[in-house]
Amino acid sequence: MDLSYIINHLGENREQYFNAVSPPIMQSSNFTFNNVGQMRQSLKDELNVPFYTRGGNPTITMLRQKIAALEHAEDALVFGSGSAAVSAAVMSQVKAGDHIVCVAKPYSWTNKLLTKLLARFGVTHTFVDGTDTANFAAALQPNTRLIFLESPNTMTFELQDIPAVVALAKQHNCVTVIDNSYSSPIYQNPIRMGVDIVVHSATKYLNGHSDAVIGVLCSSHKIVRHIFEGEYMTLGGIVSPNDAWLLLRGLRTLPIRMKQTSETAAQVVAYLEAHPLVNKVYYPFSPTFPQHDLARRQMSGCSSLFSFELNLPDIAAMERFCNSLQYFLLACSWGGHESLIFPLCVLHTSENYQQTTLPWNFVRMYVGLEDAKTLIQDIGQAFEKAEKG
Ligand SMILES: *Cc1c(COP(=O)(O)O)cnc(C)c1O
């Protein structure tokens with residue numbers, strides 16, 4: 001389906017709401033019926049017919065259609081956060097006694113889902129270095145049911161060879177789940193590579209305006225219905241109609257935001273790679289990136305989140321660099337209109353730091369919609385202040 005059609009027209013039945021160009025927010029918890037027969041009929045398909053908003057709501061249904069089409073999936077569900085989508089995807093496929101193989105260094109709350117929550121219910125896991133597919137094969141056990149991928153991850157950006165892992169999973173009857181937040185559906189479509197379930201933190205690129213926390217899950221009709229009847233309705237981690245509407249609006253500009261931020265990021269990365277105060281840049285489309293060939297093969301573009309290590313003498317200098325930036329906000333998350341920086345030295349006195357092997361001179365940078373020249377000048381003046389002391 002054509003991208004412009006998906007974003008501007010799919011699922012929008014304007015004659016049902018006074019031909020309004022922008023869809024209404026259906027801010028209602030429940031829906032009424034003309035007679036008992038109609039009510040009985042609707043209850044048979046709560047996934048698709050509005051009955052009660054925990055199950056379905058027209059604003060959310062419109063969004064589901066667009067998200068599914070963007071990921072080339074048959075259907076999609078929308079959740080109140082990316083973590084809720086990840087948890088529903090994983091929990092729906094395992095039971096006590098099962099084993100999960102997960103790529104090393106996934107998103108922190110995906111890690112806790114496996115190590116803290118599912119461990120309590122008798123589901124075991126093995127983390128593997130995903131840069132070599134052989135590590136997945138070696139970690140498989142007779143009770144392995146699921147392989148979890150995140151390609152690339154969002155700190156050091158290691159990739160997994162998605163088609164190769166999918167082939168392995170199919171041989172062993174394992175379900176594959178991937179967190180595709182980094183690339184967005186614009187730059188990577190794992191379902192086309194055979195992955196069973198794709199999840200996103202829609203808080204990031206999909207919504208793109210840093211004003212809502214949302215998650216999405218894309219899969220086959222069969223799997224979506226299974227998750228709907230289980231984790232979705234039971235745990236009830238739904239999105240509000242209002243936030244669903246914000247995501248509908250965010251999607252209108254997804255392709256141009258991806259294009260613009262990627263172009264700017266490539267310029268900023270080129271500047272950083274040539275700068276004497278930068279030791280190392282982690283960016284999948286950089287020719288020096290160890291998995292550059294794989295990145296070019298399975299991603300049609302590279303988004304605007306990357307990391308680098310600074311050649312500065314101490315944490316005080318790192319703090320001077322970060323504090324001197326005028327355009328890059330000191331904040332977590334990414335994917336919005338605004339550029340951000342997350343320095344690892346933030347963690348250096350916290351117990352979380354013990355869990356990371358990343359050094360204090362490491363920063364993660366997100367490039368937003370600002371002008372490339374402005375951002376490069378900003379980094380340049382911050383480098384000068386960091387050096388001078
Ligand atoms: C932010 C993030 C999540 C969690 O999403 P929320 O919307 O914050 O719950 C999951 N995966 C990745 C890669 C993320 O960056």
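Here Ala, Val, Leu, Ile, Met, Phe, Trp, Tyr, Cys and Pro count as nonpolar, Asp, Glu, Lys and Arg as charged, and the others, Gly among them, as polar. By that scheme, the shell around the ligand holds four nonpolar, seven polar and three charged residues. The model is predicted. The ligand takes up the space of the largest pocket.

**Around the ligand**
- The ligand is surrounded by 14 residues.
- The closest of these residues are S83, D179, S201, T203 and K204.

- S83 has a polar backbone atom 2.9 Å from an oxygen atom of the ligand.
- D179 places a polar side-chain atom 2.6 Å from a nitrogen atom of the ligand.
- T203 has an N or O atom in its side chain that is 2.6 Å from an oxygen atom of the ligand.
- On its own the ligand has 380 Å² of accessible area, and the protein covers 91% of this.

**The largest pocket**
- Rolling a probe the size of a water molecule over the atoms shows where empty space is left.
- The volume of the largest pocket is about 1300 Å³.
- This pocket is lined by 40 residues, and P106, Y107, S108, W109 and M155 are the closest to its centre.
- Two or more lining residues come from each of the elements α4 (82-91), α5 (108-120) and β6 (197-201).
- Among the elements, α5 gives the most to this lining, with seven residues.
- The lining of the largest pocket consists of 14 nonpolar, 19 polar and seven charged residues.

Technical notes: Residues numbered from 1 in each chain as written. Predicted model: local features only at pLDDT ≥ 70, side-chain atom pairs only at ≥ 80, totals over all residues. Heavy atoms only, no water. Near = heavy atom within 4 Å. Polar contact = N/O pair within 3.5 Å; in protein donor to acceptor, adjacent residues only side chain to side chain. Areas by Shrake-Rupley, 256 points an atom, 1.4 Å probe, with all protein chains shown as cover. 1 Å grid on protein atoms, 1.4 Å probe; cavity = no way out; pocket = protein on both sides within 12 Å on 5 of 7 lines; lining within 4 Å. Sits in = over half its atoms within 2 Å of the grid points. Points joined across faces, edges and corners; volume = space filled by probe spheres on them. Helix = DSSP H or I, 4+ residues; strand = E, 2+ residues; numbered from the N terminus.
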